[in-house]
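I opened my notebook to look up two things today.

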Amino acid sequence: MSKLIVANWKMNNSFADIQDYVKELRRQVKGDGNIVVCVPSVMLKDFSTSARGIAQAGAQNCHYAEKGAFTGEVSAKMVKDAGATYVLVGHSERRENFNEKNEFLNKKLNSALSCGLKVIFCVGEKLEEKTKYKSVLKKQIIEGFAHVKDFANIIVAYEPVWAIGTGMVATDLDIERAHKFIKSVVKEYFGAVVPVLYGGSVKPSNAKEILANPEVDGVLVGGASLNASDFASIILSR
Ligand code: PEP
C-alpha cells in the first residue's frame, strides 16, 4: 500500500485556485486513495467534488459538540457532510494559537471518530522541549487517545514544532526515534498499531529521503502543498 501524502493548506489558497490545483494534480499523479488535501472548511464541498478520484478532502479542524451555541465553529458531522473524509486534530498551530489542550483535543477526536471521519492526530515537541521529547509525546498520546476503543481510523502525525514552517527538517535519526517511540507508546497503552506520518518542512527536495525511511508511513505537508506542482512532486517521491 502506498504511503499517505497529506496537504495542509492552512488559511491559504482560494476557491478560484481549486480547479487549477486539481487539474495539475490529475496531470501529474494517479489517484490511489492515499492523497489527502486539508482545505479550509468553507472549501470542502468544492474541493471534494472537483478532486473526486484523485484526492480526498480533509478538514483542518472541527468542534467536539454535535451542535449548539458555539458561534463560528463547525461540528465533525458538518465537515463530513461537506465532503471531508479526514480531519486534522491537534495541529500545533491550534494547540498554540487557540490554546487547545489534550483533554479538549481528546473530545474532538472521539467526536470525529464517532462520525466516521479518519483522524490525523498531530503531536510534537517544541524547540525548548527537544531533550525531553519522549515525555511530551507520551503525554499528548495518552491524554489525546483516552477512551478510544478502535484505532482503525487514527493516523498520528509527528510534527516537531521547531520544524513547522521553519525550513528546519528533523534528521533521519530524529524521525526514526520519534516514530518508533510513538508506535511503542500506542502499543503499550492501547494495544493498537497506528501509522505515523512525518510533518515539518517537507518539500520536493527532501521528500524522497524522508519517505524512504521505513518508520515513516507518509507525510503531512504545509507550505510546499500550496502549489500543486510541488505537492505532486512530493507525491511522486513515494
Ligand atoms: C504543517 O503545518 O503541518 C506543516 C508540516 O507545515 P510545513 O510543511 O510548512 O512545515
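This is a predicted model: local features need pLDDT of at least 70, side-chain atom pairs count only at pLDDT 80 or more; totals for chains, interfaces and linings use all residues.

I began with His-91: an N or O atom in its side chain is 2.9 Å from an oxygen atom of the ligand. I call that a polar contact, meaning a pair of N or O atoms within 3.5 Å. Next I checked Glu-159, where a polar side-chain atom lies 2.7 Å from a ligand oxygen. Gly-222 uses a backbone N or O atom instead, 2.8 Å from an oxygen atom of the ligand. The protein covers 96% of the 290 Å² of accessible area that the ligand has on its own (Shrake-Rupley method, 1.4 Å probe).

Numbering starts from 1 along each chain as its sequence is written, and side-chain values use heavy atoms, leaving out hydrogens and water.

How many residues surround the ligand? I got 14, with Lys-10 and Ser-201 among the closest (a heavy atom within 4 Å).

Then I turned to the strands. Eight of them form a closed barrel in the order 1-2-3-4-5-6-7-8, paired in parallel (pairing takes at least two DSSP bridges; a strand is a DSSP run of E, at least two residues, and a helix one of H or I, at least four). Strand 1 (residues 4-8) and strand 8 (residues 218-221) are joined by four bridges. I found Ala-7 bridged to Val-221 in strand 8.

Last, I saw helix 7 (residues 172-190) touching strand 5, strand 6 and strand 7 (heavy atoms within 4.5 Å).

Note on methods. A polar contact is a pair of N or O atoms within 3.5 Å; within protein, one must be able to donate a hydrogen and the other to accept it, and residues adjacent in sequence count only if both atoms are side-chain atoms. Axes are lines fitted to C-alpha atoms, for helices over the stretch in contact, and angles run from 0 to 180 degrees between N-to-C directions.
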